[in-house]
Amino acid sequence: MMRKNYYRKLAFMVTLLTILLAYQKYTSREKEPFPDVKFIASSSNSVDLSDFDPNTLNKEQWQKLGFSEKQTATILKYKDIVGGKFNSKEQLKKCYAISEEKFSELESSILLPETAERKNLEEHNAYGKKEIIISGKFNPDRFSANDWLKMGFSERQTEAILKYRNYLGGSFISKEKFKECFIISPENYSKLESYLLLPVKTPETFQNSTKNNTAKTKIQYHSFDPNQQDLEGWKAFGFSEKQAITIINYRDRNLRGSFKSIEDLQKCFVISAEKFQEMKPYIRIQEKQQEKTDFSKTDLNTITFRQLIEFGLDERSAGSIIGFRKKLGGFINKQQILSTYNIDQDLVQKLISTAPLNASDVPRYSLVDAPEEWLKNHPYFKYSADKIIFYRISNPDDRKIWKLLKLKPEYEERMRLYVK
C-alpha cells in the first residue's frame, strides 16, 4: 500500500514538472515585433490661407501650402488616378498624403463642394471600368474623336485629349509630351507607350506657340497698383476668375486689406514665379493713409475682415464671424453673431452694440420653395434637409411640414428666422 502511494506521488510530481516546463517555454517565446507604421504627416509650417481650387494648383503651389515635395507628388498622382480632377472635398480628403489635421486646416478655404454629385460619381466609376483597346501602332496626331472613343476613352476624356493636342499646336510632338496629358493615367500611358508612333523625346527647339502667342497678344500689361486692382483687372492679366478671387481674398483677408510690398504679392500661391516676373516691372504700390471706419454706420452684414481687425478682434475671431455669416447667407439678428464659435465674446458684444444690422437682403424661403442646395448647405437646415425635401413632395404646405419634422423648439425657432 505504501509503495502504491509512493508511485502515485512520484507520477503527480513528474506531471506537475512537465506542465511547468511547458508553460515556461510558451511564455518565454519572443514575440515578433510589429513593423513601425509611418504616416506622411502634414508640414507644421504655418501658411497664409486663402480660398483656392485644388484642381488649378501646380507642384510649386502645393508646396507653398506647406506640403513636402514627396507629399505633393503623391497628391498630383492621386488627382490623375481619380480622373484628372477632384470633384469634392470628400474625395480630396481620401488622399493619404493629406493628414486629417492638415485637411481640417485647409477645408474652409477649398473651393469644392462637400460631396460630389451623383452624376459625377457615376461618370467617374464608368471611366474606371472601361478598358483601353489597342489594335496596333498608331499616330495620335491623326486620331479623330471617334478613334479615341473606339479605343475606350469617354467623351469627356476624348474632349480633354483633343484640347490638349490643340494647345500644343495640333501635334503631340513626342511621347514625352503625350505623357503630360493629365487625362491619360499612368496606367493607360504604360499600355499605349509602345504603340505610339512618336519620337521619345521632345526636340529642344520646340516652343509652345499657342502659349507664347497668348501671352504676347492677349495680355497687355500696364502700370497698376495691386491694392486697387479689382476682379476684372486681374482677369485682364490672364488669371482665371477663381485665381483672381483668391488673390483678392489673400489681400483682403490674409494681409488685412493691402499688399505692403511686391514681395507680399509674390507670396500669393496662385501667382507662379514666371507670371510674377512678367508683372513685376508694372507693379506700383502707393502708400496711403488708412481711413478710420465709422462703426456706428457699418452694417454687420457687410463689415469686412479688415474692419473687424481694425475694431480690435484677432484674426481667428474675425475669420469665424465672416465664415459663419457666409454660410448663413447673412445674419438676421445680432444674437447669432454672439453664438459664433471662437470669438472674443466681450469685444463682439461691444461691436454689436455699436454697429447696425440690416437683414433686408438676406435670402428667405418657404419650406416648399427653398432650393435643395440651399437647404443642404445652410447650417440651420442641412440636418433636416432630406426630410423637408421628402415631406414636401406629398405635403406642399409649410404648416404640415413643420408638424411632420417634430423638431426641438430651439431648432425650429432658429430655422424660422430664414423662412418667409
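**Close-up views of a predicted model**

Arg-416 is partly exposed, because its relative accessible area is 40%. The views that follow are all taken from a predicted model.

**View A. Arg-416 in a salt bridge and over an aromatic ring.** In this view Arg-416 forms a salt bridge with Glu-412, in which the closest N and O atoms are 2.9 Å apart. The two residues are separated by about one helical turn, because they stand four residues apart in helix H23, which spans residues 409-416. Arg-416 also lies over the face of Trp-402, at 4.2 Å from the ring centre, so that the partly exposed arginine takes part both in the salt bridge and in the placement over the ring.

**View B. Surroundings of Pro-140.** Pro-140 is found in the loop between helix H6 (118-129) and helix H7 (145-151), and this proline counts as buried because its relative accessibility is 0%. When residues up to four places away in sequence are left out, Pro-140 touches Trp-148, Arg-165, Phe-172, Phe-178, Leu-196 and Leu-198. For one of these contacts, Phe-172, the separation is 32 residues in sequence and 7.4 Å in space, taken from C-alpha to C-alpha. Trp-148, Phe-172 and Phe-178 also belong to one aromatic cluster, whose other members are Phe-138, Phe-143, Phe-153, Tyr-164 and Tyr-189.

View C. Glu-114 forms a salt bridge with Lys-89, and the closest N and O atoms of the pair are 3.3 Å apart. Glu-114 counts as partly exposed because its relative accessibility is 43%, whereas Lys-89 is buried, with a relative accessible area of 9%. Thr-115 lies in the loop between helix H5 (100-106) and H6, and this threonine counts as partly exposed at 45% relative accessibility. Not counting residues up to four places away in sequence, Thr-115 touches Ser-88 and Glu-90; the C-alpha atoms of Thr-115 and Ser-88 are separated by 4.9 Å, although the two residues are 27 residues apart along the chain.

**View D. A nonpolar patch that includes Met-13.** Phe-12, Met-13, Leu-16, Leu-17 and Leu-20 form a nonpolar patch on the surface, and together they have about 510 Å² of accessible area. Met-13 lies in helix H1, which covers residues 2-27, and this methionine counts as partly exposed because its relative accessibility is 45%.

View E. A search of the whole structure finds 24 aromatic pairs. Tyr-250 and Phe-259 are both buried. In a separate arrangement, Lys-275 lies over the face of Phe-239, at 5.3 Å from the ring centre.

**View F. Further salt bridges.** The whole structure contains 16 salt bridges according to the search. Among them is the pair formed by Lys-297 and Asp-294, in which the closest N and O atoms are 4.0 Å apart. Lys-297 is exposed, because its relative accessible area is 68%, while Asp-294 counts as partly exposed at 38% relative accessibility. Elsewhere, Glu-232, Lys-235 and Glu-241 are linked in a network of salt bridges.

Terms used. Residues numbered from 1 in each chain as written. Predicted model: local features only at pLDDT ≥ 70, side-chain atom pairs only at ≥ 80, totals over all residues. Heavy atoms only, no water. Buried < 20%, exposed > 50% of the residue type's maximum accessible area, 1.4 Å probe, protein only. Contact = heavy atoms within 4.5 Å. Patch = residues over 30% accessible without salt bridge, like charges linked within 9 Å, V, L, I, M, F, W, Y side chains within 5 Å. Areas by Shrake-Rupley, 256 points an atom, 1.4 Å probe, with all protein chains shown as cover. Salt bridge = Lys/Arg side-chain N within 4 Å of Asp/Glu carboxyl O. Phe/Tyr/Trp six-rings, centres within 6.5 Å; stacked < 30°, edge-to-face > 60°. Lys NZ or Arg CZ within 6 Å of the ring centre and 35° of its normal.
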